[in-house]
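This report goes through a structure from its overall form to its side-chain contacts. Please keep the sequence and the model at hand while reading.

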Amino acid sequence: MIEPEFLHTTRTAYDTWAARYAELFADGLEDFPLDRAMLGAFAAFVHADGGVKLSDLG
């Protein structure tokens, strides 16, 4: 399948920054135990539903 150029450009940009973003924000929830708990519960629901794909659109 041939994808439009803008999708290729966007995907390349995200892929380029993904590792650095993960480094910068790896401890971002360290001081937010409630947020970590809610994300953990959400991840458990996704996993229980078969690990469906989802997106962060925020």
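## Overall form

Of the 58 residues of the protein chain, 2% count as buried, where buried means under 20% relative accessible area, exposed over 50% and partly exposed in between (1.4 Å probe, protein chains only). The model is a predicted one, in which local features need pLDDT of at least 70 and side-chain atom pairs count only at pLDDT 80 or more, while totals for chains, interfaces and linings use all residues. Residues are numbered from 1 along each chain as its sequence is written, and side-chain values use heavy atoms, with hydrogens and water left out.

The protein chain has 2 helices and 0 strands; helices (H or I, at least four residues) and strands (E, at least two) are DSSP runs, numbered from the N terminus. The radius of gyration of the protein chain is 15 Å, well over the 10 Å that the globule rule gives for 58 residues, so the chain is more spread out than a compact globule. That radius is taken over C-alpha atoms, and the globule rule is 2.2 Å times the number of residues to the power 0.38. Along the principal axes, the C-alpha atoms fill a box of roughly 40 × 30 × 15 Å. The accessible surface of the protein chain comes to about 5700 Å², of which 64% belongs to carbon and sulfur atoms. Accessible areas come from the Shrake-Rupley method with a 1.4 Å probe; for residues, only the protein chains shown count as cover.

## Salt bridges

A search of the whole structure finds 2 salt bridges, each defined as a side-chain nitrogen of Lys or Arg within 4 Å of a carboxyl oxygen of Asp or Glu. Side chains of opposite charge can pair when their charged atoms come close.

| Salt bridge | N to O distance |
|---|---|
| R11 and E3 | 2.7 Å |
| R20 and E23 | 3.1 Å |

R11 is partly exposed, at 45% relative accessible area, and E3 is also partly exposed, at 30%. In the other pair, R20 is partly exposed at 39%, whereas E23 is exposed at 55%. R20 and E23 are 3 residues apart in helix 1 (residues 5–24), which means that about one helical turn separates them. An α-helix has 3.6 residues a turn, so residues three or four places apart point the same way.

## Aromatic pair and nonpolar patch

Rings of Phe, Tyr and Trp (its six-membered ring) pair if their centres lie within 6.5 Å; planes under 30 degrees apart count as stacked, over 60 as edge-to-face and the rest as tilted. By this rule there is 1 aromatic pair. Y21 and F25 form it, tilted, with 4.7 Å from centre to centre and 45° between the planes. Y21 is exposed, with a relative accessible area of 55%, and F25 sits in the loop between helix 1 and helix 2 (33–48).

Y21, L24 and F25 make a nonpolar surface patch of about 370 Å². Patches are made of residues with over 30% relative accessible area and no salt bridge: like charges are joined within 9 Å, nonpolar side chains (Val, Leu, Ile, Met, Phe, Trp, Tyr) within 5 Å.

## Loop and helix 2

D31 lies in the loop between helix 1 and helix 2 and is exposed, at 65% relative accessibility. From D31 to V52, 21 residues on in sequence, the C-alpha distance is 29 Å.

Helix 2 has 16 residues and reaches 22 Å from its first C-alpha to its last, close to the 22 Å expected at 1.5 Å a residue; the expected span is 1.5 Å times one less than the number of residues. A48 is found in helix 2 and is exposed, at 67% relative accessibility. Helix 2 is followed by G50, whose phi is positive, near 95°.
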